[in-house]
Amino acid sequence: MYDPLAFNPDQPNANFADGKTAQTPPKGTDPVGFTRFEYANTLEEYERAGREVKNPLVVNAENLEKGKALFTTYCSVCHGPEGKGDGPLTKDRSVTDSRGTRQLENFPPPPSYHRTDKANSSRGGFMADLTDGKIYHTIYYGHNSMGSHASQLSPEERWKVVMYVHELQKK
């Protein structure tokens, strides 16, 4: 066995004034590979993102196919495979076991991405009219029952989902 030269993050370290190995990153710096989203989680910033933010990816079959796969994995459980707001988590669900029939929790259905009378966003307007920035903002921060997906999807993956949602809006 050997003793490594590097300090472990939880070890004391005399090289720093505070004696800690794990240091707080310098103010204003970002981790390698991190992409900052410069819009706050407010209605005003959601609207601003809707006006200013555009998808940087090229619309092509490969990106759409990946977007569909990501949507199927992360979004269709609530939004449904066609974006109608009819995913399995929004349906009444019950289970019968040795204790009898129990009702499982279900979530309210999100509005459809299609133009119907049930397609109004809780933020106003039709879901079919959502822009790149509004969809990305919602994926990043979440809204209502939908939690943030920022930790599950990389920025590039989020943009592919945005691209695929636009395909669903066309139907």
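1. How do the residues of the lining of the largest pocket divide into nonpolar, polar and charged? In this predicted model, the lining comprises 21 nonpolar, 9 polar and 2 charged residues. The pocket itself holds about 630 Å³ of space, and of the 32 residues that line the pocket, H79, P110, T138, H143 and M146 lie nearest its centre.

2. As to where this lining comes from, at least two residues are supplied by each of α2 (61-74), α3 (76-79), α4 (132-141) and α5 (155-169). Among the contributors to the lining of the largest pocket, α4 gives the most, with 4 residues.

3. The largest nonpolar core has 22 residues, and the members that touch the most others are F37, F71, Y113 and V161. At least two residues of this core come from each of α1, α2, α4 and α5, and the largest share, 6 residues, is that of α5. As general background, nonpolar side chains in soluble globular proteins tend to be buried together.

4. V161 deserves a separate look within that core. Setting aside neighbours within four places in sequence, V161 is in contact with G67, L70, F71, C75, I139 and L153; one of these partners, F71, is likewise listed with V161 among the core residues that touch the most other members.

5. C75 is buried, at 13% relative accessibility, while C78 is partly exposed, at 24%.

6. N144 is not a glycine, yet has a positive phi of about 55°, and most residues other than glycine have a negative phi. N144 is placed in the loop between α4 and α5 and counts as exposed, because its relative accessible area of 63% is over 50%.

7. Apart from neighbours within four places in sequence, the residues in contact with N13 are F7, G19, K20 and T21.

How values were computed: Residues are numbered from 1 along each chain as its sequence is written. This is a predicted model: local features need pLDDT of at least 70, side-chain atom pairs count only at pLDDT 80 or more; totals for chains, interfaces and linings use all residues. Side-chain values use heavy atoms; hydrogens and water are left out. Contact means heavy atoms within 4.5 Å. On a 1 Å grid over the protein atoms alone, a cavity is a set of points where a 1.4 Å probe fits but cannot get out, and a pocket is an open set with protein on both sides within 12 Å along at least five of seven lines; lining residues have an atom within 4 Å of a point. Grid points are joined across faces, edges and corners, and a volume is the space filled by probe spheres set on the points. Ala, Val, Leu, Ile, Met, Phe, Trp, Tyr, Cys and Pro count as nonpolar, Asp, Glu, Lys and Arg as charged, and the others, Gly among them, as polar. A nonpolar core is a set of buried Ala, Val, Leu, Ile, Met, Phe, Trp, Tyr and Cys residues joined through side-chain atoms within 4.5 Å. Buried means under 20% relative accessible area, exposed over 50%, partly exposed in between (1.4 Å probe, protein chains only).
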